[in-house]
Amino acid sequence: MKQQVLTFYTKLLAHIRQPLLPHINVHRPVQKLIRLCGEVLAAPTENEEIQFLCIVCSKLKQDPYLVNFFLENKSKKPETRSPGGAEGVKESVLAPDTGQPPAEEQAAAAASSSSPTSNNNNNNNYNLVSSLLNLTKSPDGRIVVKACEGLMLLVSLPEPAAAKCLTENTELCELLTDRLVAFYKALPQSMDPLDIETVESVNWGLDVYNLKEDAAVFTGKRALISFLSWLDYCDQLIKEAHKSAAAVMAKAVRERFFVSVMEPQLMQTSEVGILTSTALLNRIIRQVTSEALLQEMVYFLLGEEKEPEAAATVTQNPLRHRLIEHCDHLSDEISIMTLRLFEQLIQKPNQHILHSLGLRSLEERNYLENKPQEEREPLENGQPHDAVDLEEDPLFGDDLPPDSRLSGSDWLSSSPPQSPDHSKSEGKTEVHKIVNSFLCLVPDEAKSSYHVEGTGYDTYLRDAHRQFRDYCGVCQRWDWRGNPKPFEKCNLEIPFFEGHFLKVLFDRMGRILDQPYDVNLQVTAVLSKLSLLPHPHLHEYLLDPYINLAPGCRSLFSVIVRVVGDLMLRIQRIPDFTPKLLLVRKRLLGLEPEGINIDHMTLLEGVIVLEEFCKELAAIAFVKYHAAASSSP
């Protein structure tokens, strides 16, 4: 009988064109039917129940105001059952990502779903959500997916009362977080970071798998895909949800998953555990797209502090401090993976990330020398008289179509930043000097790119142009100042501290001649991403060789200068340095087969990375100048 009634109402609501739900003689029996759905797991009427609930959800999506008819007052209609409490949603993760519990847990789940809830003191019941939550525990994956789709429709309704009821009077937050925790805990303790990074991305509900094939690829692939699929569902649900509901759900994920489960994993001392948890966190960062969840994740990782860092306060947030320290870990694998994590983080569209990692330390520009002009010593920048003319570069000619030029780049109207020794009228000359300052940093005897075709400075221009355009598109929504903060308004008396993150990066950069090749590549990748950001202080600090640094301060350029000075001394002690350097470059490019071992391999590889990084910085400086010139009136 129940099956026939459900089918009748489903067809009636699906085919009738007149709005029936507002009529009391219709929505009251519909409410009673909703309360009957999901009472028993694996019931013979489960398919009809989910079809009925989904058609009700679709009708509410069409006319959102109707949802108010389905928020029942508890004082008038006391509930005899409620969806399972927090215990009822803890699932086994041996099942696929849809989250069905195994057979031996179904009885317990059913029992918990029929037990009364005594700790809910709010006034309204949202039985439509409660029934859908119960059906997400079904052993039938198709039912689970349908129930998740119904929840997706309900969270997106614009009615504030429904959004409040959704998070306060239902177990939705518990379902999301408990299942996420369960899937995470089912992952192997040790996994290859490459497997985590390269496993195919599966959207929730579209997961088709073969246990034997998955196990043959790598152990834990099924569990990993299940975790990532459920994470994708949580992310999409928060993305679609009403703003107030999204904030509550995102905060629940932060407290019940990130803080309770992931933080102990990231703070552990086991190198294998650190590597696996960092790789998983990197994958999570890559996958999260909802604004609310990204914000809570960033606060979890970096803290909510906005004031400038000081050397004495770097340990204020233990997790942030530990992650940054891992960028300079004894294990090269952990260092590389953590640097990749920060590279991924920097590219996310969230202003607090960049403020926390760098901008807050540069806000007062107290890295600049606070002396009158006549007391300053002139700087020697190694500017050659035969500077290469880049004005006619075909990629950045003045005949570019208007739509390919970067708009809104007034932040660089004074870029490249003018030192007191160079007037603004010399703008074009200035960019050549900056570009050549980077290109000429590495001495000729340590250069090898001009011996190999297709490795010139111009190869970096196109990538820099594309990446900078993408960054400008992201950063336009933020209230970044157009020009550097006026010198007279800066508090230059505060001692300058570059910030923990930049300190570790500069320390790593200073050891580029003694570090493995892969570590150097990752360090320079993060620094180039920061250099691309369209903020005047970052641009000045990282890309202007002409700034007068305050005593005891260092910039990216000054760090590289010191590395080059060390290199000049070491070159003299290595016989046949240039031929060896060229051979190593050709091997790295695959132009020469691997042969006998070469002495000083780490140093030679470091010199090659240093040369390429200087060319990349030169390209970035030129692209940023061209963007400013093309956008200025």
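This is a predicted model: local features need pLDDT of at least 70, side-chain atom pairs count only at pLDDT 80 or more; totals for chains, interfaces and linings use all residues.
The largest nonpolar core takes in 185 residues, and Phe52, Tyr126 and Phe257 have the most contacts inside it. Helix 25 (residues 601-631) is the top contributor to this core, supplying 17 residues. As for Tyr126, setting aside neighbours within four places in sequence, its contacts include Val67, Phe70, Leu71, Leu154 and Leu157.

Leu154 belongs to helix 6, where it is buried along with residues including Ile143, Val144, Cys148 and Met152. Helix 6 covers residues 141-155 and spans 21 Å from first C-alpha to last, close to the 21 Å expected at 1.5 Å a residue. At its start, a side-chain oxygen of Asp140 comes to within 3.0 Å of the backbone nitrogen of Arg142. The buried residues of helix 6 pack against helices 3, 5, 7, 8 and 11.

Turning to the aromatics, the whole structure holds 14 aromatic pairs. One of them, Tyr184 with Phe257, is edge-to-face, with 5.5 Å between centres and 80° between planes. This pair ties helix 8 to helix 12 (residues 243-267) across 73 residues of chain. Tyr184 counts as buried because its relative accessible area is 7%, under the 20% cut-off; Phe257 is buried too, at 0%. Another pair, Phe342 and Phe501, is tilted, at 4.9 Å centre to centre and 40° between the planes.

Elsewhere, the charged end of Arg179 lies over the ring of Trp230, 4.9 Å from its centre.

Notes. Residues are numbered from 1 along each chain as its sequence is written. Side-chain values use heavy atoms; hydrogens and water are left out. A nonpolar core is a set of buried Ala, Val, Leu, Ile, Met, Phe, Trp, Tyr and Cys residues joined through side-chain atoms within 4.5 Å. Buried means under 20% relative accessible area, exposed over 50%, partly exposed in between (1.4 Å probe, protein chains only). Helices (H or I, at least four residues) and strands (E, at least two) are DSSP runs, numbered from the N terminus. Contact means heavy atoms within 4.5 Å. The expected span of a helix is 1.5 Å times one less than its number of residues. A polar contact is a pair of N or O atoms within 3.5 Å; within protein, one must be able to donate a hydrogen and the other to accept it, and residues adjacent in sequence count only if both atoms are side-chain atoms. Rings of Phe, Tyr and Trp (its six-membered ring) pair if their centres lie within 6.5 Å; planes under 30 degrees apart count as stacked, over 60 as edge-to-face and the rest as tilted. A charge sits over a ring if NZ of Lys or CZ of Arg is within 6 Å of the ring centre and within 35 degrees of the ring normal.
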